[in-house]
Amino acid sequence: MNDDDLKAVYRRGSHPLDRTDCPAADQLFAFATGAVGAPEREHLADHVAGCGACAEEVRLVRALKPWSEDMAERLGAAPRRPRSLWSRRTSFGLALAAALSLAVVGGQLLTRAHRAPVPGVPGVRGPALEDSASPPSDAVLRQPPERFVWPSQPGATGYRLRLFDEEASQLWESPMVEEPGTDLPVAERSDLRPGASYFWVVETEGQVRRRQLGPWWFRLEGR
Amino acid sequence: MPSPLPDSTPASDPDSRLQLILAEYGGWLRRMLHKLCPSRRGIQVEDLEQEVALRILRSLRNGREIENPTSFLYRVAATATVDALRRVEARREEPLISGDEEDGDGPEAREPDPEEAARTAELGRRLREALAELPDNRRRAVSFHLQGFTTQETADLLGWTEAKARNLTYRGLEDLRRRLSPKAPGDP
């Protein structure tokens with residue numbers, strides 16, 4: 001029996017249907033990255049050696065390392081919030097969380113076909129429009145905004161605004177509006193705290209180039 | 001040590017940047033599943049993307065102090081991917097396709113021959129019995145080889161040198177083949 005035959009025979013049936021005996025993802029991660037002591041390493045090795053599903057996952061985890069490094073580097077190069085708002089260490093997480101939330105809440109992850117292309121990167125949408133928004137990005141306001149206005153999008157049949165706090169928790173969602181602007185209800189205005197930062201995005205409906213506008217940030221002056 | 005991230009950078013929209021990265025994640029995952037996870041080739045990557053993105057988001061929102069963003073992202077992305085893969089897999093009603101079948105014209109192209117299946121099952125049983133008789137480290141080295149790990153990967157995972165992994169794999173495979181080979185008449 002040659003090597004390929006041996007592998008095929010060994011792997012056939014080594015993918016368990018019931019994964020309850022498999023190590024948890026964080027244990028597998030520790031094993032894949034060499035972050036376990038000798039006794040546990042041998043125990044996990046014996047499992048992975050006989051479990052095709054875990055063996056595949058270990059390979060996947062190891063392959064993710066260069067991707068993660070690349071991702072962190074590129075996200076670290078993203079524009080920062082003002083230093084007075086956040087520490088350097090937290091800003092990475094919050095900026096990424098905020099940006100991620102936009103991708104998730106907008107449902108854009110699964111609808112790349114609607115985005116306009118980035119030159120040289122097929123299937124990925126282009127940069128945001130930063131101008132013509134009110135309040136403009138990075139505005140420092142004495143009072144919570146009464147109204148949000150954003151750039152009109154040719155072909156848009158409707159817009160929906162979402163307002164988030166700095167930790168990317170959604171605070172308010174507007175009804176679908178036809179015009180590129182909406183008022184912030186009094187109740188929501190009163191919930192905004194002096195000294196805190198917020199950001200907002202707009203999702204568009206219709207045959208438009210951009211499915212999501214923003215994020216635009218503003219901060220309320222402290223007491 | 002604090003992260004080596006730069007303070008400022010060329011103007012660019014973080015949303016677009018992130019969309020790009022997440023879009024690339026989908027492409028990366030699709031390639032890796034095909035390359036590294038033959039039994040998961042039938043899984044829809046789209047089912048994983050959003051789960052992984054949400055998990056990363058939740059972790060980032062909970063983790064206020066990130067000392068090392070690269071390690072943090074690696075751990076979160078890796079564990080989220082494994083968890084999502086398992087969840088998606090568990091939700092599947094139909095059985096997964098084996099890599100060998102997928103390599104051909106698709107699962108429907110080849111119905112398993114009952115005789116061949118029985119022969120393969122018997123071979124598998126003998127192979128596992130023979131493996132179990134090997135000394136621990138030889139058994140681990142050979143099993144990792146049969147699971148598709150290179151000797152360098154085996155060495156990394158088991159805390160060995162590559163030379164040790166190569167030696168144990170080579171000797172272990174020899175031993176295994178000897179145990180599997182039909183005994184000649186008159187052999188003890």
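Phe164(A) stands opposite Gln170(A), a residue of strand 4 of chain A. The model is predicted, so local features need pLDDT of at least 70 and side-chain atom pairs count only at pLDDT 80 or more, while totals for chains, interfaces and linings use all residues. Residues are numbered from 1 along each chain as its sequence is written, and chains are lettered from A and ligands numbered from 1 in the order in which they are written.

Chain A has six helices and seven strands. Helices (H or I, at least four residues) and strands (E, at least two) are DSSP runs, numbered from the N terminus. Read from that end, the order of elements is α-α-α-α-α-β-β-β-β-β-α-β-β.

Strand 3 of chain A is joined to two other strands, as the table shows. Two strands pair if DSSP finds at least two bridges between them.

| Strand of chain A | Partner in chain A | Bridges | Direction |
|---|---|---|---|
| strand 3 (residues 156-165) | strand 6 (residues 197-206) | nine | antiparallel |
| strand 3 | strand 4 (residues 170-173) | three | antiparallel |

On the side of strand 6 of chain A, Leu161(A) stands opposite Val202(A).

Of the 223 residues of chain A, 39% count as buried. Buried means that 20 or more other C-beta atoms, placed from the backbone, lie within 10 Å of the residue's own. Is Gly214(A), with its C-beta neighbours inside 10 Å, buried or exposed? Gly214(A) counts as buried because it has 25 such neighbours. This residue lies in strand 7 (residues 212-220) of chain A.

Two residues are in contact if their C-beta atoms, placed from the backbone, lie within 7 Å. Among contacts between residues at least 6 apart in sequence, 62% join residues at least 24 apart.

In chain B, the axes of helix 5 (residues 114-132) and helix 8 (residues 162-180) come within 9 Å and cross at roughly 130°. Arg126(B), Leu127(B), Ala130(B) and Leu131(B) in helix 5 meet Leu176(B), Arg179(B) and Leu180(B) in helix 8. The residues of this contact divide into five nonpolar, no polar and two charged. Here Ala, Val, Leu, Ile, Met, Phe, Trp, Tyr, Cys and Pro count as nonpolar, Asp, Glu, Lys and Arg as charged, and the others as polar.

Key. A residue is buried if 20 or more other C-beta atoms lie within 10 Å of its own, exposed if 12 or fewer, and partly exposed in between; C-beta atoms are placed from the backbone. Axes are lines fitted to C-alpha atoms, for helices over the stretch in contact, and angles run from 0 to 180 degrees between N-to-C directions.
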